[in-house]
Amino acid sequence: MNDAKLLIRVPIELRWRDLDAFDHVNNATFMTYLEEARIRWFDSVGEPWVTDATAPLLAAVQMNYRLPIPYPSRIVVELSAQRVGTTSVTVGHRIVSEDGETLHADGHVVVVWIDRATGRPTALPESVRTKALA
């Protein structure tokens, strides 16, 4: 994951419904795996990361599909902190085989916290900032 700080490794067991007509995991399902890992990381920060006043939104997504994921198999989603800004965090991601030998996808997302009333960016929750920089 380069020099980026590893945030979390989330093992995921594939479901039959994740497959497409070509008998491998549908490319859109890769995004669901990333979402699951991000939510688990956000939940691990120890304090609320979404409130009635603020919420995270994806501002950008970049995904490199490297190799199809066959069924059955288990994968691991690895997240890293690539950049921590005032209102956003860039989260790198890798989807690898359970043994870590096969890279299925990599890339990053930019998550921006917004004020729910105005829709404008607002400061990152301090707990998210602290965990991402730790």
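Helix α1 covers residues 27–44, 18 residues in total. From first C-alpha to last it reaches 27 Å, close to the 26 Å expected at 1.5 Å a residue. That expected span is 1.5 Å times one less than the number of residues. Helices (H or I, at least four residues) and strands (E, at least two) are DSSP runs, numbered from the N terminus.

This is a predicted model: local features need pLDDT of at least 70, side-chain atom pairs count only at pLDDT 80 or more, and totals for chains, interfaces and linings use all residues. Residues are numbered from 1 along each chain as its sequence is written, and side-chain values use heavy atoms, with hydrogens and water left out.

Start at the helix ends. Asn26 caps the N-terminal end of α1. One of its side-chain oxygens lies 2.8 Å from the backbone nitrogen of Ala28. Just after α1, Gly46 takes a positive phi of about 90 degrees.

Now the inner face. Among the buried residues of α1 are Phe30, Tyr33, Trp41 and Phe42. Buried means under 20% relative accessible area (1.4 Å probe, protein chains only). The buried residues of α1 pack against β1, β2, β3, β4, β5 and α2.

The largest nonpolar core has 31 residues. Tyr33 and Trp41 are among those that touch the most other members. α1 gives the most to this core, with 6 residues. Such a core is a set of buried Ala, Val, Leu, Ile, Met, Phe, Trp, Tyr and Cys residues joined through side-chain atoms within 4.5 Å.

Tyr33 also touches Asp18 (contact: heavy atoms within 4.5 Å). Asp18 sits in the loop between β1 and α1. Asp18 counts as buried because its relative accessibility is 3%.

Definitions and conventions. Buried means under 20% relative accessible area, exposed over 50%, partly exposed in between (1.4 Å probe, protein chains only). A polar contact is a pair of N or O atoms within 3.5 Å; within protein, one must be able to donate a hydrogen and the other to accept it, and residues adjacent in sequence count only if both atoms are side-chain atoms. Lists of a residue's contacts leave out its neighbours within four places in sequence.
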